Amino acid sequence: TPEGPSSLLDGLDPDQRAAAEVVRGPLLVVAGPGTGKTRTLTHRIAHLVHEQGIPPERILAITFTRRAADEMRERLVVLLGDVGARVPAMTFHALGLLILREYGDRAEIGIAGERERIQLVAEALSVTERKATQLCAGISRWKRRVARRSEALLRPPEEYSPGSDLDRAWAAYEEGLAARNLVDFDDLVTLAVELLESRPDVLLALRERFVHVSVDEFQDVDERQYRLLLRLAGEAQNVCAIGDPDQAIYGFRGSDVSFFFRFREDYPAASVVRLGKNYRSTRTIVDAALGVIAPSPTVGERVLRPLIEDRSRIVTHEARTERAEAEWVVHVIERLVGGTSLFSMDTGRVAPEDGEGTHAFGDVAILYRTDAQSHALVEALRRSGMPFQRRTHDRVLERAAAMAIVRLFVATYTPGAPLAPSLQTAAARVREEIAAPHEPEAAAPVAPGEGAEAPSFGEADVDAALVVLLAIATRAGEDAERFRLEVALEVEVDTWDPRADRISLLTLHASKGLEFRVVLVVGCEDGLLPLRFKGREEEADVAEERRLFYVGMTRARERLFLSYARERVRHGKPAAMEASPFLREIEERLLTEETADMSKKGPDPRKKQLTLF
Ligand code: ATP
Ligand code: MG
């Protein structure tokens with residue numbers, strides 16, 4: 001049931017309300033984590049529909065992930081009832097695709113998945129998959145700066161060398177895509193912008209269709225996304241950008257906080273609203289996070305006032321190895337959920353205010369910098385028997401298992417035949433294929449998160465992929481074309497369910513916008529936070545890594561745990577590690593260290609705690 005008209009903006013504080021009540025013209029909301037930016041954006045849209053009588057279909061809400069779009073729609077349904085579901089909330093990629101399909105005579109357009117891109121380059125240049133993976137990553141990086149190779153050749157940027165491996169790969173890549181009538185993800189927004197810039201009729205039609213455009217997580221937009229936003233907003237300038245420059249974590253993909261300044265230049269009349277109250281986290285967590293972000297440059301004063309006065313300290317832990325770290329994580333969660341108390345070094349006693357035994361598995365998130373770190377955690381969690389779910393930041397459906405099923409499905413599908421059973425048949429065939437004895441693949445191991453996914457996959461991957469594919473098939477009905485497009489577009493679809501009562505494992509990047517009662521950030525080590533790539537140590541983008549750590553810390557509502565290991569397998573070899581320099585930025589008074597090395601002891605943490613007294 002909807003919350004009702006009179007209460008629509010009652011759920012906002014005066015500053016948030018001021019933003020939500022700007023119903024015309026450009027609006028910029030700049031505010032820190034947990035200050036209610038997303039909440040304000042959602043309420044504002046509800047307000048536009050309910051108070052201003054704007055049809056929900058005409059209010060475009062751009063979110064960073066598909067999941068965030070779904071959540072926004074769900075919130076709108078709570079506020080507005082069923083009409084809320086009619087608000088088009090989508091990602092930039094989905095918007096690009098919508099524009100191309102509905103206005104660009106490109107209904108037949110196909111999107112190349114990661115595997116397809118890599119194979120295309122590998123075949124065209126006769127190089128290994130691994131090399132092709134690197135080349136594809138390089139092409140993507142360049143494409144975010146210059147959309148086309150011809151542009152790069154016309155006005156070569158300083159570091160671009162025509163005739164290089166990358167340049168040749170790019171040429172083959174463009175040809176290959178064109179020959180197959182495919183585009184890649186980066187092209188979606190580029191082509192949409194080009195369409196709007198070359199076809200005034202299309203531009204007009206879109207401006208008539210969407211009379212309001214809003215974008216959340218504005219700090220992570222890139223050049224072309226910004227251009228698309230600007231074009232759509234047009235003369236009416238009903239454009240709303242909401243974000244936090246301190247949380248910009250996609251610089252490596254071409255996003256740029258300078259768009260906050262651009263926005264103010266492009267819209268000098270913009271209403272600017274700042275929000276300063278943090279509704280999410282305890283004072284301790286906010287103070288610690290502010291310590292970490294303090295060295296980061298800011299315009300004006302950085303204001304983030306916590307409203308929750310709980311002063312439980314942040315727990316730090318130094319583990320001997322990453323295995324020991326994972327064991328410790330398991331024990332912490334067992335205490336929080338199971339109720340054995342947490343020992344406090346400061347008071348020398350069991351701290352009752354820590355809320356042991358009052359947490360559910362779903363309240364807990366474990367965050368890490370690279371996917372490779374999740375393996376030790378998954379192992380330890382499996383042994384413990386606690387329920388967990390892993391969210392990966394890469395495109396699940398571009399994984400080998402999913403692509404294998406889709407390929408087989410496409411090859412064997414006959415129009416008319418029901419879609420879901422055909423998929424299951426394809427999955428069964430892929431399973432048989434896996435079970436059949438065959439030559440082991442001689443692929444070089446690449447650490448996930450630091451390169452491509454290994455091409456091999458097993459039965460379990462097929463199951464996971466099938467779950468996701470069937471969900472899409474259900475939505476697509478019998479429309480195979482729509483199914484293929486949706487598959488290509490499922491940037492974010494994963495089996496991670498925010499409502500499941502399971503411990504969440506996610507990368508720091510994937511944690512953006514979310515919140516959990518308890519957060520454990522593992523691997524707080526120099527080299528992981530900030531992350532340094534092998535052979536490119538000096539290139540670490542410390543400023544961006546700092547923001548990433550800040551994003552992770554500020555996901556926590558009540559309890560925050562920060563751990564690091566003295567030894568970890570890095571690039572295939574055990575390496576000695578040191579604590580992250582970011583930890584030193586947190587005031588002592590906010591921290592308490594838990595020193596017990598759990599790797600040496602049995603499953604009952606209480607016994608160890610007693611020996612510590
Ligand atoms: P992030 O930068 O991490 O995306 P955000 O600024 O978008 O954070 P929200 O996720 O919108 O913040 O809000 C954070 C939490 O605070 C949510 O649980 C939200 O419901 C709550 N909250 C925000 N504003 C209010 C309010 N006025 N009254 C009660 N709760 C609020
Ligand atoms: Mg948000």
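**Figure 1. Strands β2 and β6 in the predicted model.** In this predicted model, strand β2 (residues 59–62) and strand β6 (residues 212–215) run parallel and are joined by 4 bridges.

**Figure 2. The shell around ligand 1.** There are 18 residues around ligand 1, and G36, K37, T38, R39 and Y279 come nearest. By type, the shell holds 8 polar, 6 charged and 4 nonpolar residues. Two elements, α2 (37–50) and β9 (277–282), each supply at least two residues of this shell. Which of them gives the most? That is α2, with 3 residues.

**Figure 3. E217, a residue with a positive phi.** Most residues other than glycine have a negative phi. E217 is not a glycine, yet its phi is positive, near 55°. E217 sits in the loop between β6 and α11 (223–233). Is E217 buried or exposed? A residue is buried if 20 or more other C-beta atoms lie within 10 Å of its own; E217 has 24 such neighbours inside 10 Å and therefore counts as buried.

Figure 4. Q237 belongs to the loop between α11 and β7 (239–243). Its phi is also positive, at about 55°, and Q237 is not a glycine. Q237 has 16 other C-beta atoms within 10 Å, so Q237 is partly exposed.

**Figure 5. The cis peptide bond at P530.** Most peptide bonds are trans. The bond that joins L529 and P530 is cis, with omega about 5°. P530 is found in the loop between β17 (516–521) and α20 (542–553).

**Figure 6. Helix α14.** This helix covers residues 322–338, which makes 17 residues. From the first C-alpha to the last, α14 reaches 24 Å, close to the 24 Å expected at 1.5 Å a residue. Is α14 mostly covered or mostly open? Of its 17 residues, 14 are buried, and the helix is mostly covered. When following the side chains, note that an α-helix has 3.6 residues a turn, so residues three or four places apart point the same way.

Conventions
Residues are numbered from 1 along each chain as its sequence is written. Chains are lettered from A and ligands numbered from 1 in the order in which they are written. This is a predicted model: local features need pLDDT of at least 70, side-chain atom pairs count only at pLDDT 80 or more; totals for chains, interfaces and linings use all residues. The expected span of a helix is 1.5 Å times one less than its number of residues. A residue is buried if 20 or more other C-beta atoms lie within 10 Å of its own, exposed if 12 or fewer, and partly exposed in between; C-beta atoms are placed from the backbone. A residue is near a molecule or strand if its C-beta atom, placed from the backbone, lies within 6 Å of it. Ala, Val, Leu, Ile, Met, Phe, Trp, Tyr, Cys and Pro count as nonpolar, Asp, Glu, Lys and Arg as charged, and the others, Gly among them, as polar. Two strands pair if DSSP finds at least two bridges between them.
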